[in-house]
Amino acid sequence: MPGEPNAPGKPEGKNAVTRRDFFNEIAGGALTIAGLGAAVVTVKYASPNVLFEPPTTFLAGSPDDYPVNSVTYLQDQQVYIVRTDKGMWALSAVCTHLGCITQWKPESDQIACPCHGSKFARTGKVEAGPAPRPLPHFAMGLGEDGVLVVDKLEVVKQTVILKV
Amino acid sequence: MATTAWTHQRLEQLRQTRVWRSIFRRGPARTNRTLSLAVFGNLGLHVLPVKVREKSLSVRATYYLGSISFFLFVVLTITGILLMFYYHPAVPDAYRDMKDLVYVVSNGVFLRNLHRLAAQAMVVAVFWHMFHVFYRGGYKPPHEFNWVIGVGLLMVTLFLSYTGYLLPWDQLAFWAITVGTNIISYVPVLGRPIRFLLLGGHIIGQNALLRFYVLHCVILPLAAVVLIAMHFWRIQKDGGLTVRDDHE
């Protein structure tokens, strides 16, 4: 500052860094790093590592439980097991719009969502309403004892059909 | 008359005591100056302006919408704390506790309905307040920053309303939160992580209920209190309310 008497030990020159400036920068930097670190650690803390959620793989009984040309809703799993003359597939019953549970309507041959009126074919294809994506197909295979095994974490293409 | 004089005398004596003087340092607030000092020196009152224009107190200037919102917030805080005595934020308990409050606990149905209705009224009051301020031009300089704080308060009010909606743990609550948190997951890139953090998992279960409870009862009310204090303080610092001259 002009007119200010030079304190002893104060460096001269226009861009000179005083000891106070130096320590202020150090302290500010340290506080910023500590603050960011605290934020990261808190977000990590808030993300659970172990979840007590229902298992995503389940057994769906024998293929013979499902007649040809049927859509069966498994309430506990929120999955449809569809069987046609071509084969079988497992279809999510959770609407791709905002997550409501859809219902199979045999009279109109459609899967309908009660919340916002989306309609799907039994292949999962969107036929009406605001749903942005078709209902996903889950991986389904036969276990060793001939029991259907569905994995809800693995989404497969619509063309993947289990031949029975 | 003699008794009045006697009471006055006793009161005056009380005001001279050391205990009284330790609480109210400035003595009786009788003049404009001592009144101002009393407001300044009081923790509860110091966010309020010492003086206001008479016009800004008229009903038509504000319809008291901000005060009504604040009053509803106070009602919600009191009823909410009382409801907390009976409510467990746990999956097997939450719905039953809500039903107990309605059918078993003395005056529980009164408190619960008061909490619900005041919450709905607060959303209406805050929106109405916002529209009123907007149409009166209350967001214009020097009130811009207070408008921003007000938008923050609107958000906190809506989040309080939303988080409270899950707590009865009935079908309406479950599906409303299903839809709401799926809307959040549409946010680009961060949507799904935010939903995961908010629910504490992938499904609406015990973790989600507890998180919404903590947000509803601790974090959001604290945020509201801080923002409300700033909001009131800024009215004073920005030179009082915007008052048009044509309200007579």
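User: In this predicted model, what is the bridge partner of Ile81(A) in strand 4 of chain A?

Analyst: Ala90(A) in strand 4 of chain A is the bridge partner of Ile81(A).

User: How do you know that strand 3 and strand 4 of chain A pair?

Analyst: Two strands pair if at least two bridges are found between them. Strand 3 and strand 4 (residues 88–92) of chain A have five bridges, so they pair, in the antiparallel sense. Four residues lie between these strands in the hairpin, where Gly87(A) has a positive phi near 155°.

User: What makes strand 2 and strand 3 of chain A a pair?

Analyst: The cut-off is at least two bridges. Five bridges join strand 2 (residues 70–74) to strand 3 of chain A, so the two pair; they run antiparallel. Leu74(A) stands opposite Val79(A). This hairpin also has four residues between its strands, and Gln78(A) takes a positive phi near 55°.

User: Why is strand 3 of chain A called mostly covered?

Analyst: A residue is buried if 20 or more other C-beta atoms lie within 10 Å of its own. Five of the five residues of strand 3 (residues 79–83) of chain A are buried, so the strand is called mostly covered. Val79(A), Ile81(A) and Arg83(A) point one way, Tyr80(A) and Val82(A) the other way, and all are buried.

User: How do you know that the span of helix 1 of chain A agrees with its number of residues?

Analyst: At 1.5 Å a residue, its 28 residues (residues 19–46) should span 40 Å, and the end C-alpha atoms are 40 Å apart, so the values agree.

Methods. Residues numbered from 1 in each chain as written. Chains lettered and ligands numbered in written order. Predicted model: local features only at pLDDT ≥ 70, side-chain atom pairs only at ≥ 80, totals over all residues. Expected span 1.5 Å × (residues − 1). Buried ≥ 20, exposed ≤ 12 C-beta atoms within 10 Å, placed from the backbone.
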